[in-house]
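Open your viewer and get ready to click along.

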Amino acid sequence: MAASVREKQAAALKRMLNFNTSPLKNTAAEPVWKVLIYDRFGQDIISPLLAVKELRDMGITLHLLLHSDRDPIPDVPAIYFVMPTEENIDRICQDLRNQLYESYYLNFISAISRSKLEDIASAALSANAVTQVTKVFDQYLNFITLEDDMFILCNQNKELISYHAINKPDIMDTEMEAIMDTIVDSLFCFFVTLGAVPIIRCPRGNAAEMVAVKLDKKLRENLRDARNSLFTGDNMGAGQFSFQRPLFVLADRNLDLATPLHHTWTYQALIHDVLDFHLNRVSMDESVGSEASPSGARPKKKNKKSYDLTAADKFWQKHKGSPFPEVAESVQEELDTYRAQEDEVKRLKSIMGLEGEDEGPISSISMSDNTAKLTSAVSSLPELLEKKRLIDLHTNVATAVLDHIKSRKLDVYFEYEEKLMSKSTLEKSLLDIISDPDAGTPEDKMRLFLIFYITALQPPSETDLDQYKKALLETGCDLSSLNYIKQWKAFTKIAATPSNYGNSGVKPMGLFSRVMNSGSQFVMEGVKHLVLKHNCCVLSWCLVPILDSLCDGGGTLICVYNVHEPSSLNLSVRSRLLFQAIVFVVGGGNYIEYQNLVDYTKAKPGKRVLYGCSELFNAGQFIKQLSSLGQK
């Protein structure tokens, strides 16, 4: 299988950090020590891909923000990784005038304009630092890779290309053009890094089509210039998709507004929904000390604890898409296995007569068979300690998620929403759940009602709607988001039908037979044992036939999706099997849709489907955008 986009972006960053030359493998030579200067955009791109240890191994002794106060280090080269903005260019020029570093390697996240290059040249001339500006590169890395098969466009200033920005009623044509240009610039960088010219498919008459047309034009212009094309000659590395071109399917967020509001039940999506989780790092509050504060004393401050959920974490890679009950059981199993290994070390220590004694030098231990066994056990200690660290990490994270599930009855919301979407029989009325003071937050209740309203074949009568509104207002809900959804449902051309939501469902299973015991870390009492039977959101439901048709070299193309063929190679869409597809959602995406496509790919051996979106939001962030659009 060819390298993933995550591997390619990481390789491009490592090349950049090695002064834009390929790093030598298996070399014992000391790296050249240098300083890395980045802006917030560059920091967001690097942080999910390269750990601090990896930066240090590549000779990065310091990594600093461009606009922080930095002291001169005149005998060290500096690698800059920044966006080519006016503010950043001015600061680089200031660094040149202040002679901060020995030499400057300027790497721009996306292409820098000629006028800004001239500004840098003028500053270098006036500072007599022309020879110090060693290299200037356009890196085309203006996107963030979160998984092997998932990317987003930006984390900084994401409100500029948000669902709200695209759909606000008073948007000017010039503003929309600027938003589309920003999205297209990042997508162009993505395909340059991937090393492939895509076959573009898009729906008609929305923002996704605008992105497709602009991206098609940008790709054509680059391919037309054979000498400087980023997709030919030396720029197309080995193993890249020059012959097996990916299918790029653009979707519009307005196709499905229910899924981003849905209460989910898988581990990764739950963490994103209920905890502070972004760029693969989850942050949680933890109390200092377990003892209660004396009466009248100030409550103890809470520490902020952060955990990185990375590709190196095997438990995370295996279970991030699993239903939460399975995750809780697996954490308990891992903990039991660790304790058994720990007990074995203690047993060996006891056999050798070391129990209760102070640690002494290894030379004092008599040479025997037990020594060999203990040596083996000691050699496994680093692995055991790392395993314990990961168990503690997931125990803490899963416990925090479980607290939210129990306090907000998220299992009840998930099950009820699944039944709404699949048109199953409801055991309890919607009004009862909304009116229940113990069932969730006002936001939970609003999300549930919006899903009911979106998925209903016919909107409720005015009398029923007034009842629902009254109940929602009494629980403290803001109805602004409902105002927008009513407008959206009245005017959208792509209305959700029952069949769109008919492929999901849940089934109760006793997964906690081993977990629900007195020794378990997770007390699941009162939480429903729900496991996904099959879950297919509307966006995936609409895209799967297109992916099946085109990736399998199928016959009829779905007529609602336009084809844009930017390649000058004139290769037929139907002429080859497509082994890679990329689904991109204009207007924002979520982990629920990502997991749907991961599950789809598992059923298609040899195929790869990537998921991308202009921004990644959870339900709380999305409902705020809807509320802002619905304010009168």
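How many Å apart are the end C-alpha atoms of helix α7 (residues 173-194)? Select α7: its 22 residues should span 32 Å at 1.5 Å a residue, and the end C-alpha atoms are 31 Å apart, which agrees. The expected span is 1.5 Å times one less than the number of residues; helices here are DSSP runs of H or I with at least four residues, and strands are runs of E with at least two, numbered from the N terminus. Just after α7, click G195, where phi is positive, about 75°.

A note on what you see: this is a predicted model, in which local features need pLDDT of at least 70, side-chain atom pairs count only at pLDDT 80 or more, and totals for chains, interfaces and linings use all residues. Residues are numbered from 1 along each chain as its sequence is written, and side-chain values use heavy atoms, leaving out hydrogens and water.

Next, select the open sheet of five strands, in the order β2-β1-β3-β4-β5 with parallel pairing (two strands pair if DSSP finds at least two bridges between them). β2 (60-65) and β5 (133-138) stand at the edges with a single partner strand each, so one side of each has no neighbour in the sheet. Zoom in on Y38, which stands opposite L65 in β2.

Now for the cysteines. A disulfide is a pair of cysteine sulfur atoms within 2.5 Å, and the count here is zero. Select C154: the closest cysteine sulfur, in C613, is 9.9 Å from its own, too far for a bond.
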